[in-house]
Amino acid sequence: MLKFVKGYMESIEDVATYPMISLLIFFIFFLILFWWVFTTSKEHIKEMSAMPLDNDNQQNLEI
């Protein structure tokens, strides 16, 4: 099975660029995530953390 995959991948032109593109997308995603975490206001975080405990926002589901 591995020989089949390896042989197939060797036949693709410039196959080495795909792992680099994947790494770049992964790195950029986590940089944006870290930026969002550090720049989010504390009030927003407190509001979101209290949402599950807030009874005013819950809807009564009747079946």
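Me: What does the accessible surface of the protein chain come to?
Reply: In this predicted model, the accessible surface of the protein chain comes to about 6,800 Å². Carbon and sulfur atoms account for 68% of that surface.

Me: And how much of the chain is made up of buried residues?
Reply: Of the 63 residues in the protein chain, 2% are buried.

Me: Where does T40 lie, and is T40 buried or exposed?
Reply: T40 sits in the loop between α2 (17–39) and α3 (42–50). Its relative accessibility is 14%, so T40 counts as buried, the cut-off being under 20%.

Me: Which backbone oxygen lies 2.4 Å from a polar atom of the T40 side chain?
Reply: That oxygen belongs to W36.

Me: Changing topic: how many helices and strands are there?
Reply: The protein chain has three helices and zero strands. Along the sequence, the pattern reads α-α-α.

Me: Where is confidence lowest, and where is it highest?
Reply: Helix α1 (residues 2–10) has the lowest confidence, with a mean of 73. The highest is found in α2, at 94.

Me: What about the average for the chain?
Reply: The mean pLDDT of the protein chain is 82. A score of at least 70 is reached by 84% of the residues.

Me: Now the aromatics. How many aromatic pairs does the structure hold?
Reply: There are two aromatic pairs.

Me: Which residues form the aromatic cluster?
Reply: F26, F29 and F30 form one cluster.

Me: Why does F30 count as partly exposed?
Reply: F30 has 31% relative accessibility and therefore counts as partly exposed; that class lies between the 20% and 50% limits.

Conventions:
Residues numbered from 1 in each chain as written. Predicted model: local features only at pLDDT ≥ 70, side-chain atom pairs only at ≥ 80, totals over all residues. Heavy atoms only, no water. Phe/Tyr/Trp six-rings, centres within 6.5 Å; stacked < 30°, edge-to-face > 60°. Buried < 20%, exposed > 50% of the residue type's maximum accessible area, 1.4 Å probe, protein only. Helix = DSSP H or I, 4+ residues; strand = E, 2+ residues; numbered from the N terminus. Areas by Shrake-Rupley, 256 points an atom, 1.4 Å probe, with all protein chains shown as cover. Polar contact = N/O pair within 3.5 Å; in protein donor to acceptor, adjacent residues only side chain to side chain. pLDDT = per-residue confidence, 0-100.
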